[in-house]
Amino acid sequence: MHWLIKNFIRQRNYPNFELKAVFFDMDGILFDSMPFHAEAWVKAMNDFDLPFSLHDAYMNEGRTGGSTIDEMFLKKYNLTSDQQTKQKIYAKKSDYFNQYSTGLKPIDDVFELLKILKNKGLQIFVVTGSAQVSLLDTLDRHFPDIFEREKMITAFDVKIGKPAPEPYLMALSKAGVEAWQAAVVENAPLGIRSAVTAGLFTIGINTGILKTEELENEGANIILPNMKSLIERLDGLFF
Ligand code: CA
């Protein structure tokens, strides 16, 4: 057993570790979509005179749109946004995203990783704050035969969303496994916080512009630079 897994079991006081399910975040993990989201957020916020940087976009990644807008309102005005302004800003952000994201591509090597895990008989989930209506179609187009409708947690399923543990706790319950039988692949500090708070073994893949420490600070069990290095470590870690 890998020492990282041994540490994880000891720290959490779990009876064992036996991988049965892997929960994938979407933006920045399955799709290389974060550069487009970040640009779109910066433009939309600035259109409404709210200061917002690319770094802010990556630090807030994983929050729902409404909660991201509230955070920035709190910073500037010390109160949350009204519903109408929130919807306007979010609509603007979605417009920009749709303009920018025409060349959306999967993250390098993630399809290979998904196929390896699927072939091992593991349950594969997507756990995302995204509110795309045709998400499964998009996933099927890029990653055929990996995802299933009942193995998805999206913005439509949750009340609070990341960074609360709620989405990952829901994934555990839907998968019918314990916290010591699943692992999470996340790229964002708040996504990592959500997974760690849910008690899961959390793999941070730093696919964005943040410093490794900014992911480490949220308690990920391991941080890797890309999917290829995770594929190379799979056997030592889990199998
Ligand atoms: Ca993400």
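Predicted model: local features only at pLDDT ≥ 70, side-chain atom pairs only at ≥ 80, totals over all residues.

Colleague: OK, what angle do helix 2 and helix 5 pack at?

Modeller: About 140°, with the axes 8 Å apart; helix 2 is residues 34-47 and helix 5 is residues 83-100. Axes are lines fitted to C-alpha atoms, for helices over the stretch in contact, and angles run from 0 to 180 degrees between N-to-C directions. Helices are DSSP runs of H or I with at least four residues, strands are E runs of at least two, and both are numbered from the N terminus.

Colleague: Which residues in helix 2 meet helix 5?

Modeller: Among them are Phe36, Trp41 and Met45, and the helix 5 side includes Ile89, Tyr96 and Phe97. Contact means heavy atoms within 4.5 Å.

Colleague: Switching to the sheet: what's the strand order?

Modeller: It's an open sheet of six strands, ordered 3-2-1-4-5-6, with parallel pairing. Two strands pair if DSSP finds at least two bridges between them. Strand 3 (152-153) and strand 6 (222-224) are at the edges with a single partner strand each, so one side of each has no neighbour in the sheet.

Colleague: How many bridges join strand 2 to strand 3?

Modeller: Two, and the strands run parallel; strand 2 is residues 123-127. Val127 has Ile153 in strand 3 as its bridge partner.

Colleague: What does Gln123 touch?

Modeller: Gln123 is in strand 2, and it touches Lys20, Ala21, Val22, Lys151, Ala175 and Val177, leaving out residues up to four places away in sequence.

Colleague: And how many salt bridges?

Modeller: Eight, counting a side-chain nitrogen of Lys or Arg within 4 Å of a carboxyl oxygen of Asp or Glu. One is Glu148 with Lys118, whose closest N and O atoms are 3.3 Å apart. That pair links distant parts of the chain, 30 residues apart: Glu148 is in the loop between helix 7 (135-142) and strand 3, and Lys118 is in helix 6 (residues 110-119).

How values were computed:
Residues numbered from 1 in each chain as written. Heavy atoms only, no water.
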